[in-house]
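Me: Hi, I have a structure open and would like to go through it with you, one piece at a time. Could you help me read it?

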Amino acid sequence: MAYAVEMVNIVKRYSETGVLANNKVSLSLPKGKILALAGENGAGKSTLMKILYGLELPDEGSIAVNGEGVKIDSPLVANKLGIGMVHQHLMLIDQFSVSENVTLGQEVTKGLRLSHRQRDAEVTALIERHNFPLKAEERVGELTLGQKQQVEILKMLYRNVELLILDEPTALLAEQEVDALFATLRELVVKGVSIILITHKLREIKVISDYLTIMRGGEVVGSYKTAEIDEEEISRLMVGRTLAFKTDKSSYQGEREEVLRLEGITLNAKGAKRPLLNNVSFSAFRGEVLGFAGVGGNGLGELESLLGGFVKPSEGHVFYNGEDITGYSPRQLRHSGLAYVPSNRLTRGSASQASLAHNLIATKVAQFTKGGLLQRRKITAYSNKVLADYAIKGGSDAAVGSLSGGNIQKLILAREIEHLHDYIILSQPTWGLDVESSLSVYNKMLDLKRRGVALLLISSNLDEVLALSDRVAVFYGGEIVALLEGEALKGATKETLGAYMLGLKGGGVSGT
Amino acid sequence: MERKIDLPLILVIILLALLAVVISVFLLSGDPLRTLHYFFLGPLKGRYYIGNFLNSMGVLIFGALGFSIAMQGGSFNLGGEGQIYGGAFVATIATFGLARLGVVAPPLALLAGALFSGLIAALSGFLKLRWGTNELITTFLISYALILVVNYLVGGPFLDPTTNLIATRKIAPQFQLAKILEPSNLSTGLIYALLAVVVVSFYLNRSRSGFELKMMGYNPQFALYSGIRVGWYTLWPMFLSGAFYGLAGGISIFGTYHATVKEFSSGMGWNALAVALIARYRPWAIVPAALFFAYLEAGSRNAMLHSDVTFEIISIVQAVIFFFITSALLKKRGGRHG
């Protein structure tokens, strides 16, 4: 069988965070077929595709395109090899016409002058050949998201790509737009183009792909012919086997008091056809872990940003101990009691050039100030104590950037737990931590729960969501499609959650 | 933690800058050896030259502190040219009104200049905060408009008709800084500049406000997340930056020029920026960097006076430094992703 691409034993470790994004990953795609590359967030799919497109260099491993070994060290090389990529976030110039965008970088010239007429004619011909509902002269800014994506694909076709990579192309599309996209992809395949589709939507995998490679935690867990595997099996492979750890769930003895309440929160996005969050309501109670599960792009990232004060809701209200705190800035929320471990530890959760001590006190520098001056001895003493208490490897004066990803995460956790008042938002709290460190985080969380803290846990690790949560809200398409608690949660498995998360089941919201 | 400085890299860049001087002298001068002699040894020949060379250090230090403090807070202030000139002018005319106040008048006049330039720079901060305009552009543009306005004022309403210069009246003797090394221009301005380094360093490292300003510079997302007043720290570093540029202008009037002469400060802003770049925005490193740059500047001036090259030779040094330091910085930034 002739292969469009073969990647063998690719290894990629990110030096700053020490994360092993790809561990001996292999993948192959026969010519003229569609391969779905599936997996949870952080499974390593995007890294692998960036390597194929020349945006990242692998540490080890080899790549062959059309049977020949190649070294792809830039997207230009990838383009020469006939590889094109459509990124999740479209890279178009709104002010330019369709044909200008399509020919950008490969402008049609007559002598030194640009030939507009010839360019428009060429692009029109291309559009007609592929039956896109587009006009060459239209301004891209006036198109819908689905049409913009078609422009991106046209751009690739104009460059005669033979292998097209699409990174979660359906993430922002409406149903009909998805159907149109798939029709296009099928046509392309007929014309000999090979396609790799990054996705984590089960239905799409079944509908469109010929082959399927599933990744988890930086490794390939299996490669299949799509026809030979069913959805449940795919779901099981994507989320992984259940890790065995036991936690003591019911131990808070106090009153069940509400700490945080969201009422009808809706968040609209520019240009998207559906809201990022749609009428989301829930309450978080003292001494309870409220878990959130959902696949990326279904609203959990937005929920996190909203709870942290980074975005303001378009509609709805947020109450904290009965007080309306809707639209509070992060600063106001910090004053009112927010403790928050963000999923993005480097861009949001820390200042990598600043010292450990300074990162630890950044959220409460007032407590270490006297007469406008920093109390340096007090800062160092506090920092040394926290670093010891939380077993963080690194000196108070060391830069955060010099720590491993796991230690940075521990530092952020330590700061937020020390900052804590009566609720805490934890987003991906154990991402990148080894098993032992994860367990210590879990124990810390349960300790907080016993003390009557309300914990909001957003995690793509379903094991920890199931093991720690007293209630679980499942997000799909920006909505809570299920709220599991009590017996329903006890009987729930990762497969149950997975079915809701992937939109196979839903609508039955029970309880508050 | 302080920003790490790559000392060998800086030395290499400095050597490259000097090499550029030597090469251009050989290309441009009819008598290169004589020119080089005056370039490198001229600034050190006797009290007069040494004093003048050290004197220009003071202004460079104030200006470099101005650029650096904005950078430490994550903002760019490219308006040094106009803010030095504007600050100098406001300090000058302030002396005319404040003379009767006695000993407090000189500091008040300097502060007036600093306040003016600080507000001009803070205006760019405000535009950034309110409409998201890029302060790199607005500081630059406002600065050039300001230069033209001051030119008009110096040549029109405030022109001193008794001299042949296009300049304001002279400031009263009570405002003039004491000379240290007669007959050179060296004044106590340099001491104030060194004092300013101590103050800025203390502010950045020991005060709460300095801490928050630096956090904003390290990572504005993190500053926002931590509850630091990011709006305020969009304005404040810009204000401080402008204020130090303004002081640079005021000090050069009080110490050296004694009147605002039309475009007397032309090029000072860019030279101060070059100094700040060499020092990687760290207050203490600004002192040796300013010494080095002042030396080259004096060398260019000497070579121009005693040989056949133009003063613009310093621009070559400046260009080489800008080019290599910014490309070294860009490479570091790019390397993180690729």
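Me: Let's start with Gly349(A): is this residue buried or exposed?

Reply: Gly349(A) is buried, because 26 other C-beta atoms lie within 10 Å, and a residue counts as buried when that number is 20 or more. Please keep in mind throughout that this is a predicted model.

Me: Where is Gly349(A) found in chain A?

Reply: Gly349(A) is found in the loop that runs between β18 (340-341) and α11 (356-361) of chain A.

Me: And which residues does Gly349(A) touch?

Reply: Leaving aside residues up to four places away in sequence, Gly349(A) touches Pro342(A), Asn344(A) and Ile412(A), and also Phe222(B) from the other chain. As for Glu416(A), that residue is 67 residues apart from Gly349(A) in sequence, while their C-alpha atoms are 10.0 Å apart in space.

Me: How many helices and strands does chain B have?

Reply: Chain B has 13 helices and 0 strands. Its radius of gyration is 20 Å, close to the 20 Å that the globule rule gives for 338 residues, so chain B is as compact as a globular protein of that length. Along its principal axes, the C-alpha trace of chain B spans about 60 × 55 × 35 Å.

Me: What share of chain B is buried?

Reply: Of the 338 residues in chain B, 51% count as buried. If we look at the contacts in chain B with a separation of 6 or more, 77% of them are between residues 24 or more positions apart.

Me: Back to chain A. What is the order of the strands in the sheet that includes β18?

Reply: That open sheet is formed by 6 strands of chain A in the order β18-β21-β22-β15-β23-β24, and its pairing is mixed. β18 and β24 (479-485) of chain A stand at the edges with a single partner strand each, so one side of each has no neighbour in the sheet.

Me: How do β21 and β22 of chain A run, parallel or antiparallel?

Reply: They run parallel, with 5 bridges joining β21 (residues 423-427) to β22 (residues 454-458) in chain A. Within β22(A), Ala454(A) is the bridge partner of Tyr423(A).

Me: Which strands does helix α9 of chain A lie across?

Reply: Helix α9 (residues 300-307) of chain A lies across β15 (288-294), β21, β22 and β23 (471-476) of chain A, and runs at about 145° to β22(A). Helix α17 (residues 494-501) of chain A, for its part, lies across β15, β23 and β24 of chain A, at about 35° to β23(A).

Me: What about the sheet with β6 of chain A, what is its order?

Reply: In that open sheet of chain A, 6 strands follow the order β6-β9-β10-β3-β11-β12, with mixed pairing. The edge strands are β6 (83-86) and β12 (219-225) of chain A, and the twist averages 15° from one strand to the next. Helix α8 (residues 231-239) of chain A packs on this sheet, where it touches β3, β11 (211-216) and β12 of chain A.

Technical notes
Residues are numbered from 1 along each chain as its sequence is written. Chains are lettered from A and ligands numbered from 1 in the order in which they are written. This is a predicted model: local features need pLDDT of at least 70, side-chain atom pairs count only at pLDDT 80 or more; totals for chains, interfaces and linings use all residues. Two strands pair if DSSP finds at least two bridges between them. Helices (H or I, at least four residues) and strands (E, at least two) are DSSP runs, numbered from the N terminus. Axes are lines fitted to C-alpha atoms, for helices over the stretch in contact, and angles run from 0 to 180 degrees between N-to-C directions. Two residues are in contact if their C-beta atoms, placed from the backbone, lie within 7 Å. A residue is buried if 20 or more other C-beta atoms lie within 10 Å of its own, exposed if 12 or fewer, and partly exposed in between; C-beta atoms are placed from the backbone. The radius of gyration is taken over C-alpha atoms; the globule rule is 2.2 Å times the number of residues to the power 0.38.
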